[in-house]
Amino acid sequence: DHQRYVLKLYRHGIRLKTEIAQRLTKIPLAHRVHVLESGIMSERQYELMEYCEQGSLRQYLQQEKPDNAVLRAILLELDGAVSSVHQAGLLHRDLKPENILIRTLQPLDLILTDFGIASALDATQKLTGTARTLHYAAPETLSGVISAKADYWALGMILLEALTGKHPFNQFSEAVILHQLATR
């Protein structure tokens, strides 16, 4: 049909948890990538997803310095998306510009993708592993006890990066970032 799609093939033995997959369907398509088909093929899970021609927020921020109106639109889009993830009973846990896709630029329409380490949010706090992208990780992720606030920390770091044109931890090693998160 001359349409473009994205095929995500999971590594052997890696599967999206059934509970997570079910909750993902509760997130409105306005806030998440549209998964057209998923299943198992040759013992590997796959997902066939919509293709977002505009790319990721990371690509956009590398090419553009957003003005105040665009920064406000980014905030509103991401706030709505993160809120809908939490309403579906999930924590994204890996919110970063690479996992935010742009459906359209005018008007700005941002959607979330890559829920590979998402967790079910069945309590106020969640004990979980420490898998995350350190540049966007909330300090409490160091302990493995997180809440919905961790996704909002990541949203704040994304906005700070968009506002200043660089991430505040860019020049730091992982050890220094961990020290900053633990002590400051």
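Is Arg103 buried, partly exposed or exposed, and what is its relative accessible area? Arg103 is partly exposed, with a relative accessible area of 24%. Here buried means under 20% relative accessible area, exposed means over 50%, and partly exposed lies in between (1.4 Å probe, protein chains only).

This is a predicted model: local features need pLDDT of at least 70, side-chain atom pairs count only at pLDDT 80 or more, and totals for chains, interfaces and linings use all residues. Residues are numbered from 1 along each chain as its sequence is written, and side-chain values use heavy atoms, with hydrogens and water left out.

**View 1. Glu50 and Arg103 form a salt bridge.** A salt bridge is a side-chain nitrogen of Lys or Arg within 4 Å of a carboxyl oxygen of Asp or Glu. In this pair the closest N and O atoms are 2.6 Å apart. Glu50 sits in strand S3 (residues 44–50) and Arg103 in strand S5, so the pair links distant parts of the chain, 53 residues apart. Helices (H or I, at least four residues) and strands (E, at least two) are DSSP runs, numbered from the N terminus. Glu50 is buried, at 16% relative accessibility. By the salt-bridge rule, the count comes to six.

**View 2. Glu161 meets Arg58 in a salt bridge.** The N to O distance is 2.6 Å. Glu161 belongs to helix H4 (residues 149–164), and Arg58 to helix H2 (residues 57–63). They are 103 residues apart. Glu98 joins in, as Arg58, Glu98 and Glu161 are linked in a network of salt bridges.

View 3. Lys8 lies in strand S1 (residues 5–9), 106 residues from Asp114. Lys8 is partly exposed, with a relative accessible area of 23%. Asp114 is partly exposed too, at 29%. Asp114 is found in the loop between S6 and strand S7 (119–120). Most residues other than glycine have a negative phi.

**View 4. Arg93 is buried yet has no salt bridge.** The nearest side chain of opposite charge, Asp151, is 7.2 Å away. Lys and Arg count as positive, Asp and Glu as negative; His and the chain ends are not counted. A polar atom of the Arg93 side chain lies 2.6 Å from the backbone oxygen of Ile117. The relative accessible area of Arg93 is 14%. Arg93 lies in the loop between strand S4 (90–91) and S5. Phi of Arg93 is positive, near 75°.

**View 5. Gln106 and Pro107 are joined by a cis peptide bond.** Omega is about -10°. Pro107 lies in the loop between strand S5 (100–104) and strand S6 (109–112). Most peptide bonds are trans.

**View 6. Phe169 and Phe172 form an aromatic pair.** The structure holds one such pair. The centres are 6.1 Å apart, with 40° between the planes, and the pair is tilted. Rings of Phe, Tyr and Trp (its six-membered ring) pair if their centres lie within 6.5 Å; planes under 30 degrees apart count as stacked, over 60 as edge-to-face and the rest as tilted. Phe169 is buried, at 10% relative accessible area, whereas Phe172 is partly exposed, at 36%.

Key. A polar contact is a pair of N or O atoms within 3.5 Å; within protein, one must be able to donate a hydrogen and the other to accept it, and residues adjacent in sequence count only if both atoms are side-chain atoms.
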